[in-house]
Amino acid sequence: MNKISTAVPTNEVHQLLCDNLLEVTQLKRHRLLLEKVIPQCQISSRYSVLDQPSEFYGSDPDGVSTAARMAAYKEAAPDLAARAVAGLEIDDIAADITHIVVITCTGFFSPGLDLELIKRFGINPNAERTTVGFMGCFAGVNGLKFANHIVRSEPNAKVLVLSLELCSLHLQMPKNLEMSISSLLFADGCAAALITSEEQGIGLDSFTALVVPDTHDQMSWHIGDTGFDMVLSRRVPGALKDALNAENTQIILNGAQTDSIDLWAVHPGGRLILDSVEEALELGSTDLRHSRDILDRYGNMSSATIFFVLQQMMSAGDGANSGKRGCGMAFGPGLTAETMLFHIA
């Protein structure tokens, strides 16, 4: 992965969303609990393509339709995607791009973002196009896995990967406490990456998928009439902690020990997720500093978030991370952990 570029919308909305959530929460005991939970989320800022994202709670009891939400996605997504891709500075090689991989689970339209990028950046119109869709937060690692397979089978390939998530478009009137808490985490963001066989940036070494048994009901993502419905159980952090036992960790690390890993790029799905991973793997207090920093500054941007973490590692000052080995992890429905081993070139 030679380059990573990221972009977020201009509207910073974290406090606004927190205030609005407290306003619409009917039960006093839930309001009091949320007032305690908000600072514990360890998120300072989140961004949305909407000036007033709380409008998607809907004043109508039936809420804002999925069609309206997808119209908002179609309007906002191309410009945010273009900002991320522009940061890669691919003008000189745009005509040589051989593959485009688009990752998203929060919106769909066709012709889609892949053709928008071809039109805006002069990319080869014969480039092969693939969408990794509706897989959730771990889809970023799956997109990287797919791009890596392409480059390994076609050494001259130049793969443009785009991960774009507009989670704020799916805010809904909370139906229960778990839904309220999940709305404190998610935000909008986009990342673009260029992947070739050149030994520059981050080298993608291997990938391992882990599905946690008997957790199918703990996280899910469904298309409803008033947006996409997220189910996120409070049991998820504990389930992931149990899953990252010694046996599974050995599988993920290809037999290596955790102390041989210098960099941990863990998807910051929430503070409790990071705490569970840190405790399960017996990591040091600073090992997840990049993940915690991205969570604080941007919240959970679903599949795009892992790219923000990796970009921070890649851009460490004065090549501080050069030659270091890393492990990446992202979690989503299943429960599934998509993991990878990498190194900084």
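Student: How many disulfides does the structure hold?
Tutor: The model is a predicted one. A disulfide is a covalent bond between the sulfur atoms of two cysteines. Counted by the criterion of two cysteine sulfur atoms within 2.5 Å, the number of disulfides in this structure is zero.

Student: Which cysteine sulfur is nearest to that of cysteine 18, and how far away is it?
Tutor: Cysteine 18 is buried, with a relative accessible area of 0%. A disulfide requires the sulfur atoms to be within 2.5 Å, and cysteine 18 is in no disulfide. The nearest cysteine sulfur belongs to cysteine 41, at 7.2 Å.

Student: Is cysteine 327 buried or exposed?
Tutor: Cysteine 327 is in no disulfide, the nearest cysteine sulfur being that of cysteine 137, 17 Å away. Buried means under 20% relative accessible area. Because its relative accessibility is 0%, cysteine 327 counts as buried.

Student: Which residues touch the most other members of the largest nonpolar core?
Tutor: This core has 41 residues. Cysteine 327 is in contact, beyond its neighbours within four places in sequence, with residues including Leu253 and Trp264. Those that touch the most other members are Leu184, Leu253, Trp264, Cys327, Met329 and Phe331.

Student: Which element supplies the largest share of this core?
Tutor: Several elements each supply at least two residues of the core, among them α1 (14-24), α2 (28-40), α7 (236-243), β12 (325-332) and β13 (336-344). The largest share amounts to four residues, and it comes from α7.

Student: How many residues does the second, separate core have?
Tutor: The members of this second core include Leu144, Ala157, Ile195 and Ala304. Its number of residues is 40.

Conventions: Residues numbered from 1 in each chain as written. Predicted model: local features only at pLDDT ≥ 70, side-chain atom pairs only at ≥ 80, totals over all residues. Heavy atoms only, no water. Core = buried A, V, L, I, M, F, W, Y, C linked by side-chain atoms within 4.5 Å. Buried < 20%, exposed > 50% of the residue type's maximum accessible area, 1.4 Å probe, protein only. Contact = heavy atoms within 4.5 Å.
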